[in-house]
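Hello,

Here is the structure for you to look through. My notes on what was found follow below it.

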Amino acid sequence: MSVAETRPGPAPHLAAAGLVKRFGSFTALDRVELSAQRGELLTLLGPSGCGKTTLLRVIAGFLQHDEGTLRLAGRSLDGTPPEARNFGMVFQSYAIFPHLSVAENVAYGLRARRVPREAAERKVAAALERVRLGNLGARYPDALSGGQKQRVGLARAMVIEPDLLLMDEPLSNLDAKLRIEMRDEIRRMQRELGITTIYVTHDQEEALAISDRIAVMERGHIRQFATPREVFESPAHAFVAEFVGGCNWLDATLLQDGAGAAARIGAGAAFALPAATRGAEGPARAALRTEDLRLATPEDPPGCCLEGRVGSLAYLGPRTRMRVIIGPGDAAVEADLPSALPLPNEGEPVRLSFEPHRLRVFAPESGVRIA
Amino acid sequence: MSATGIAAPEAPSWPARLLRGIRHDPWSAIAWATVAFMLVFVAWPLAELARQSFIGQESGRFGLENYQTFFGSSYFRRALFNSLTVGVLGTVIALAIGLPLALAFARYDFAGKPWIEVAILLSMLSPPFVGAYAWIMLFGRSGLVTEAARGIGIELPPIYGAFGIALASAFALYPVVFLVVRGGLARVNRTLEDAAASLGRGRIGVVRTVTLPLILPSVLTAALLVFLGIISDFGTPSILGEGERFPVLATLAFSLYLSEIGAEPGMAATTCAVLVVIAMALVVAVRIFSTRRSVADDTGGGAPPIRLQGRAGALLGFGTAVLVAIASTPQIVVTVCSFLEVRGVVFQPVFTLDNFARAIDALGDALWNSLVFAGLALALIILVGSAIGYVIARRTGPLTRTLDLLIMVPYVVPGTVLGIGYATVFNEPPLLLTGTATIIVTVYFVRRLPYMTRASAGIVYQIDRGLEDAARSLGDPPLTGFRRVMAPLMRPGILAGAAIAWVEVFSELSASIVLYTGGTRTLPIAAYQQALSGDVGMAAAYATMLVGVAAAGLVLFVIARGSERERSLGWL
Ligand SMILES: Nc1ncnc2c1ncn2[C@@H]1O[C@H](COP(=O)(O)OP(=O)(O)O)[C@@H](O)[C@H]1O
Ligand SMILES: [Mg+2]
C-alpha cells in the first residue's frame, strides 16, 4: 500500500511487451502487450482456454515466457522466482491451506517474510477486519463457506502488501448474488489500498463493472486493451464485439462512391460510413447490437433500413426479442424492442432502422475494425 | 511443465549455475538423482542378468544356448509348469475368497463388519512363508490335523506340492483381492446398478450384467497382483515344495545361483529372465486390457452400504467371519504353538516360553539386524518415496515417465531375481557391496519404494495445485513450501503407506536370502531356515516374533496417525 505512494512516476508499474509463451508447438500467448498503471485494476477477459491463466502465471513467475519482456517498476522480472516477486495471488479454488486456521493462513506470507510475531498479529487482525472476518481467526477452513474462504484468500494476499495482486477467476465458484457482492467489495478494497491488480474473468459483466481497463483475449492474443466503455461501445475487433455484448452479424460489401465509403448489407440497402473510412473495398462483416435496432416509422425513407419478415418473438419482460428474417436464405437479425410498443405478429413484414454510426464494420479475415 | 528453472542471465560459472538451478527447481534435481540411482540399482543388475542369460553355459558364446537348454530340459520345463500351475490355482482360490468378501463389504453393513475387516488386514501382517509353515504344522507329515485324522484311521492327502503351495499362497494373498476389488466397487456408479434394476434385472442379473463388467479391471488387477505375488514368492514353495522335489522358477533360480557361485551364472540368469518375462508380459497384457475398457466414472460412485438387519445381517456376518477365520487359522496356530512345549517334533498341550528362550539364544544379531535394516530402509522409503510421488503427480514429461517406470520395475521383478542381480554386479569394485548391510538396505529400499511413491502420488493428485502456488506466491521457495504445506497434508497418507511398507520390508525374504552373509542375517531368514529344516518350536517362535514386531511397528504408525489432529480434509 505504501509502495504505491512512495514511487510516483509516469512509467507503467507493470509492463509486458511482446510476450510469447509456447507449450510445445502450441502458442498459448502471442506477442502480448500489456501495462498497468500504479493502483489500476486491469482485467483479462476472454473465453475459457484463451490464455488468461497462462498470462497470469507468466506474470506471477510460475511460467517462464519464451519471448518478450516483463518489467515491474522498470526492472526486468526475468530470473526472479515467484517467491521473490512479492505478488499476492487469489485463486478460483481459494487454495486456502486446510491444515491451518484462518489466522494462520493469513499470517503465512508474513512468516515467510520473518515479520516479528507482534507486528504479524496486528497485521493479520487488521486484514481479517478489512474482509469482515474479524471474529473467525481461530476457525479452520472446512468450517467456512465459499465466500468466507475467498475472503481469507483476499486477506492472505493483501496482508503482504504486494506490489501486484493477481486474481484468477476468484468469484467463479460462488453463486450469482454473492459474486456481485464480493466483486464490489474487491473493488472497494483495491481502491482503498491502491493495490495494482490484474483480475482474470470470463464474465463480461464482471469485467465491465470492476475494471479500470480491460484486455480482451482470444486464442493467445489481446484483441483490445481499453476502458470498459471503449471495449463495449467501440470494439476494436470482431471478437470483442461478439464476446462483449454480443451482435447480429451481417455479410456486407464495402463500396466507395462519390459521397465516401458505404456498406451494402447483403443484397439490400447501402449505408454510409463515417468519412474517416477511406480506401476499403470488398467484402466485410457488419455488426449491429440487438439494442441498436428499432422499428422503422413511415417517415424513415425507403432504403434506410433492414427489411424482412418476423420470424419469431420472445417475450423477455420489459423487452421483447424479435427475430427478423432478412434473407437471402435464412439470414436473420435479432432486435430487442420495448415490450410496450405494438409489435407486428410472426410472419408479417417488418422494417428495422438504426443510427448509421451504430453499424460497425470489420475485416472478414483478420477481424480488425474498419469502421 | 516448464514451470521453473529460470536461468540466470549473468551466472558466472557452471557450479554456481547448477546450484542456482537446484535452488529454483529442486524437484528436477531430485528426479535426476533418483533416475541415476535407479539406473545403477535396478537397470544395471537386471541388464547384466539379461546379458548373462545369452552367454552359453557350455560354449561361452553369445546366443540362445541357455534358452535351448531351458526349454529342452524336462527339469526346467517342469519348474516353469509348476510356477504357472501354482500361480493359476492360487489366484483362483484367492479370488474365490476375496471377491465375495469385497462384494459383501462394499455393498452391505452387517454385524461384526469392522472386526472382520481388522482380521483381514491383520492376516496381511505375516509373510506368506509363515503361513506355509503353519500349514505344515497342521497338515504336514506329522501335523496336528494329520495325526488326529490318522488317530481315527483317516489318511489325509499330503499338503506338500502344488495344491498346498497354492492354498497357502491364496490365504496369504486374498486380502489383496479384497482391498483392490472393494476399492473398485466403491468407484462404480451405483446409479448404473439402480438403472439396471429399474429395467427389470434381478439382483443376480444386475451383478452379472452391470457390476461385474464394471469391476472387471480391478478384478484383473487383483488377479495380476496375486499371480505375481505367487510366482515371485520364494519362501512358500521352498517350504511346501520341499526344495528340489517340487521346483518352481523362483526356487530353481536360487538353487542354480548357489550352485553356480564363482561360475558364470548362465542358467540362473536364464531362469530369472524367464520369470521376469512372464511377469512383464502379464503386466503389459492387463494394462492394455484395462485401458481399453476403462470404465472410469467419477460421477459419484459412493452410495453408502445397505444396512442388513436381523437374520440376513447375522448370516452374512457369520459367513464372512467363518471365511476369514479359516484364512487366519494358520497364523493363529503358529502363534499358539510357539508357546507350547515341544517333544521331538510334536507339540504338547503345555504352555511354556521355552521355544522363545531357545530362539533368542540362537538369534544372534538377526533381530537387531532386521530392525536396523528395515528401519533405515523405511526412513529412506518415506523420504524419497514421498518426494518422488510428489514429482510423479505434479510433473509430466519424459523424465517423470522414465522415473515412474524405473521405480515400478522392482514391483514386478521377483525379489530372488533382484537379489541374484545384485549379487552378480555388486561383487567387485567400485561397487563392492556383497556381504554388506548396505546391499540389504538398498534392496529393501528399491523393492518397497513403489508402494510409497504410489501412495504419495495418489494423495498429491487429490491436493489442489493452487496450495503450492499460493505458498510460493506468499514467499516460500519450493522446498520450504513443500515442507510447510504439502508435507502436513500428505502426512496421513504417507503414514498409511509407510505402515504397509514397514511390514513388507521387515518380513522381506526373497532378495535378502540371496544376499545375506553371517553378519547380516535377519529375522525372516532365521525364521525361514528354522521352518525349512530345524526345530519346530523355534521356527514357531521366530514366526511369532516376526509377526509380533511387524505388528508392533504397525501399532506405532496407527498411534502416530491417531495423534495427528483429526481434521476432516474435505478432499483428502
Ligand atoms: N502446461 C500446459 N501444457 C500445454 N498446454 C497448456 C498448458 N497450460 C495451458 N495450456 C493450454 O493453453 C491454453 C490456454 O490455457 P489457459 O491459460 O489455462 O486458459 P484460460 O485460463 O484462459 O482458460 C489452453 O488451450 C490450454 O490447453
Ligand atoms: Mg483459467
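In chain A, 66% of the contacts with a separation of 6 or more join residues 24 or more positions apart. Contact means heavy atoms within 4.5 Å.

Some ground rules. This is a predicted model: local features need pLDDT of at least 70, side-chain atom pairs count only at pLDDT 80 or more, and totals for chains, interfaces and linings use all residues. Residues are numbered from 1 along each chain as its sequence is written, chains are lettered from A and ligands numbered from 1 in the order in which they are written, and side-chain values use heavy atoms, with hydrogens and water left out.

Now the fold. Chain A has 9 helices and 20 strands. These are DSSP runs, with at least four residues (H or I) for a helix and at least two (E) for a strand, numbered from the N terminus. Of the 371 residues in chain A, 50% are buried, meaning under 20% relative accessible area with a 1.4 Å probe, protein chains only.

Next, ligand 1. Its site is shared between chains, because residues from chains A and B surround ligand 1. The shell has 12 residues, each with a heavy atom within 4 Å. Among the closest are Lys52(A) and Thr54(A). H2(A) gives the most, with 3 residues.

Two polar contacts (N or O pairs within 3.5 Å) stand out for a look. A backbone N or O atom of Gly49(A) lies 2.6 Å from an oxygen atom of ligand 1. The side chain of Thr53(A) places an N or O atom 2.6 Å from an oxygen atom of ligand 1.

Best wishes

Note on methods
Polar contact = N/O pair within 3.5 Å; in protein donor to acceptor, adjacent residues only side chain to side chain.
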